[in-house]
Amino acid sequence: MPSTRFRIWVLLLLALSPVLALGRTLHFWAVTGSVLDVKMYRQIARDFTKQTGIDVEVTPLAWGNFATKYFAAMAAGLPPDIGVTNLGGPFDYGSVGGIVDLRSEFPNEIGRLESQFDPAVLKMFTIKNKLFGIPSDLSTLVMYYRTDTFQKLGLKPPQTWSELNAVIGALEAHGYRYYFGFTSGAQWALGIYTMPFGLPGFAFDTGGAPVVNWVNPKYQAGVLEALNLWHMHDSPGQDLGSRVQGMFRSDDPGTAVPLMLDIHTDYSQLPISVPEINGKWDVAPWPKADDGRPYNVMGGTSYVIFRQSTMKREAFRWLEYLNSLEVQRYIVLDHLNRADESSFTISPVKAMWAPSNDSFWARPELKSVRRLHDVLAKVVPTFSSVPSIHGSTEAARLESDLLDQMGSFIRDGIDEMAHKRGISRWQLVQDFGAGKFASEREAFEQSIRERLRAGYAAITPQAQDLLTTETARYDSHYGRIIGRLPELERQRNVLNVVELIAAAILLAALATVCSFRRTRKHLISYGFVAAPLILALTFVFVPAVVALYLSFTEYHPVLPLSTASWVGLKNYSDVIHSGDLAQALYKTTKYAVITVPIGIFLSLILAFLLNSNLRGERFWRFVYFSPMVTSVVSIALIFSQLFLDAKQGWLNALLLKLGLITDPVPFLKSDRTFLECVMVLAIWQGLAFTILVFLAGLQQIPAALFEAAAVDGAGPVKRFWNVAVPGLRPQVLFISVLGIIGAYQVFETIYTLANKSGDAGARFGPNDSALTMVPLIYHTGFETFEMGKSSAIAYILFILILGLTVVQFFFYRRKEA
Amino acid sequence: MSRRASSANAAMRSHLLERVAIYVVLTLVGLVIALPFYYMAVTSVKPPQEITDPNISLIVHHPTLEPYTGLFDAGLVLQACWNSLFVAVCLTAGTLLLCPLAGYAFAKHRFPGKDALFLGLMATMMIPGTVLLVPGFLLFRDFGWLDTWLPLIVPGLAGAFGVFLARQFIERIPDSLVDSGKVDGFSELRIFFSIIMPLSKPLLATLGILTFLGSWNSFLGPLIILLDEKKFTLPLVVAMLQGRFPGKENWQMAGAMISILPVLILFFIFQRQLVQSLAATGLKE
């Protein structure tokens, strides 16, 4: 019986509800690498609230795994009203009905907003005349160069690719490197090299069918220029971070980088951070292809409005406000006022670059970026974008892998040539720059061309197939579903059914326990064991059954579960035939069979040594066991710095000092070494637990056995092999099985070493060289969101691990018997 | 170690040599193990000038706490510490109550279906967590639990492994103690709280430490469940540092330090219990 007080509360709430609805807040998520961006958006939001009365809550989202977060939020029904995402986001989210088509949602207002942008830039947000997003900011490559060094060497800033190559050669001949930061090695940035010839990797033919342009010789010529700049020159890479500024400041041949090719935003703070070289450097636009048209846009962000938003109209007003001239100017100024994090923003709004806005750029506080503005004002009108096509994300992975393989091929080739002459890689690069060994270089470049041609020929049919089937699938499947989403969302789904079954089991169990006297008198015992059983039923059995069902379906989590379509064994046959599974199994097995035995062998020795009545035993144990309690992610973060691909990395520095290598090894940047780095980390971290188990085992071996061996004149080596190792056989067996099961589930270290939280395009190591089982499950489930396929892979892993567990159990039984 | 008077000087010398060799090897390997920690500590107090220096230095010339204050000012890290602590404490508290409770019933009570239920529960240990990622995500979505801490706490409150450990331990408590409680007319709950729990301190220590560490360091679950940075646990924030503060190696290491140092200090203090607990995960005696 509800009390009077309760009724009053309900009435009060009902009376207040219109008021509460008015005070709703607009949720805005911003993908950003900087907390200062968040502060800026909050300030803009406060002004917006003053003008419109609409509150805006700004939530930051990290680069790297932002797409996963957006998809998860859409799947969970928790997306914001409006968000910032990457340039590809509008297409990806729009394809599964996660965001609105701005043209049909706001037919009266969109015209005015669209007219603020260059149609060439909007092309990538448009699918079949639907507009899914508008640009937020854009970024491009520029060149920073030391005018004094260039003058000393008689060089001019290059305006074409051939001039750029000549300048680089001249710098190298004098012992200077150049730095290539952002976009180095990135597949998504290839447009810079191929769009000058009008050739995006994927395009529509005149009939509207998707085509892959990879085998076009012009396309490959563009890619070859990229490969040349990325890999032929021993230039330090972007993971050097802020050290680059120190190298730009330096004039020390061997250390100095008088030329930097990087994203335009990153060095606006140079006047503040390295004031001693003010007046000695300048900025120039990215050179154009010798025989191509200028093409320049390469990165940026965009705004999207989410379908599940209940405040779409308010979101659109916020969008209009953000793109007003007043706010665009504020954004430029705010980015400049960030001390050592200041940067220059390229506004996509045309009016910002129009002559009518010249007075703004003439402001005194913009003096420090006037030069950058002048350079970019010429570049911005050349911006355009590549069309978005279904299936291109997966097809692009094939090209990414090829590019990584080419990188290793080129670096290996250069190393080999240098090795043959007995000189370092850097020495050979300098010789190349000075024009030496021209015929060998030509022969090498010929082999690169041939290999690239063969590589593209091999992957093009698969890519073409992906584009064709995905486009057809969208037209037939998603195209139909997305129109009926609200209706579909009301339908019951399999998960509900399984949940109902689980609830029925629980009720039946409860009823059984209560209704028979035999069980009723044990009610308290059942009560005691209820919690683990209910939790296991709900959170293990139910999901396991659902996963089994999902593995036979095709399902995108942004759509309601009722849209999961039964595909039989297709997921299993797909992962087996595509080779993904075989690759992952191979990599995982390699990882397991190397790390586990090495770890065990080292641990046996160390445990044996630690077991010899040491002074300060507490200290030794603390040192040797400490890796066991520390978070794997933090350890991996430390190792990612130790493995730095330059002489500034501690490991490289050590190896150089010892004379074991002549040039820094690109540990985490090459598919030859990435997985090995993960293994080193795994062995380092795994030692502690293994030693611990072995030490416990050693202490169970009667001391008399060791003494007897010593009396018989057995030295330490003999005591180790004849007493310790045989005595530890059960522990070794135990650790082997446990270690292999653990190795098959490796994930965190790979995720962190590959910098997946920080780098938007990062894969599980170069060439996906560490795409082992769990990363593959994560990738298919939470990056490409093929829930069915991911479940299929998970089940295959489950069966593998089950097999291992059974083996372990079998051994134990035999031991006990 | 017993030494015979007859053993000659040579044997003494070889023994001494052996001892020295042991210390040398252990020191060298110890340095390799400690190196990443040293790198982290040193880098975390380097000022920007020393970070941007193209030449590396093994020591810090002008130590500064700027990376730490910067990190704290930027937010997230302290919040994440609190979040991690909250999740870990809730999970540990629940585990310390529910696992011994079930373990006690499985060890000392007799009721129909006991063995079948126990076996069924143990079977869940065979299913690796990775199999449950996708369906778990969908289940939590259905519950409305995404972007909350509930999926990180509730399913683990009474895990099969904890129940297994508890049953193994409580089985060894003599039945006579339980019976004496019954004779005194204690209720089952009173027997559990006043007889079983006080005798299970080593079990509670083991269970508590393992649960806490597992939760404090867990990554993949929070990675797919949590969306809002304000709710992130510490490992998520640490992994994010590379992207949030690119180039600021000192800030990144300060973040690593914050996640590692408390655990290391606790490890140093409670070394003996921890070592026993961790060994217990592996060894059936």
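Mentor: A salt bridge is a side-chain nitrogen of Lys or Arg within 4 Å of a carboxyl oxygen of Asp or Glu. The model discussed here is predicted.

Trainee: Why is the pair B:E18 and A:R719 called a salt bridge?

Mentor: The closest N and O atoms of B:E18 and A:R719 are 3.1 Å apart. The cut-off is 4 Å, so the pair B:E18 and A:R719 qualifies as a salt bridge. The count between chain A and chain B is 1 salt bridge.

Trainee: Which helix gives the largest share of the side of chain A that touches chain B?

Mentor: That share comes from helix α24 (residues 523-550) of chain A, with 20 residues. In total, 126 residues of chain A are in contact with 113 residues of chain B.

Trainee: How many residue pairs are in polar contact across the interface of chain A and chain B, and what area is buried there?

Mentor: There are 23 residue pairs in polar contact, both residues being at pLDDT 80 or more. The buried area is about 10600 Å², and carbon and sulfur atoms give 73% of that area.

Trainee: Why is A:S104 called exposed?

Mentor: The relative accessible area of A:S104 is 54%. Exposed means over 50%, so A:S104 is classed as exposed. This residue lies in helix α5 (residues 102-105) of chain A.

Trainee: What makes the pair A:S104 and A:D101 a polar contact?

Mentor: The side chains of A:S104 and A:D101 are joined at 3.0 Å. The limit for a pair of N or O atoms is 3.5 Å, so the distance between A:S104 and A:D101 meets that limit.

Trainee: Which strands form the open sheet of chain A, and in what order?

Mentor: The order is β8-β11-β7-β12, and the pairing is mixed.

Trainee: Why do β8 and β12 of chain A stand at the edges?

Mentor: β8 (178-180) and β12 (281-285) each have a single partner strand, so one side of each is left without a neighbour in the sheet. From one strand to the next, the twist averages 20°.

Trainee: How do you know that β7 and β12 of chain A are paired?

Mentor: Strand β7 (residues 141-146) is joined to β12(A) by 5 bridges, and the two run antiparallel. Pairing needs at least two bridges, so β7 and β12 of chain A count as paired. Within β12(A), A:V283 is the bridge partner of A:Y144.

Trainee: Which strands does helix α17 of chain A touch as it packs on the sheet?

Mentor: Helix α17 (residues 370-379) touches β7 and β12 of chain A, and its direction makes about 10° with that of β12(A).

Note on methods: Residues are numbered from 1 along each chain as its sequence is written. Chains are lettered from A and ligands numbered from 1 in the order in which they are written. This is a predicted model: local features need pLDDT of at least 70, side-chain atom pairs count only at pLDDT 80 or more; totals for chains, interfaces and linings use all residues. Side-chain values use heavy atoms; hydrogens and water are left out. Helices (H or I, at least four residues) and strands (E, at least two) are DSSP runs, numbered from the N terminus. Axes are lines fitted to C-alpha atoms, for helices over the stretch in contact, and angles run from 0 to 180 degrees between N-to-C directions. Contact means heavy atoms within 4.5 Å. Buried means under 20% relative accessible area, exposed over 50%, partly exposed in between (1.4 Å probe, protein chains only). A polar contact is a pair of N or O atoms within 3.5 Å; within protein, one must be able to donate a hydrogen and the other to accept it, and residues adjacent in sequence count only if both atoms are side-chain atoms. Buried area is the accessible area (1.4 Å probe) that two parts lose on being put together, summed over both.
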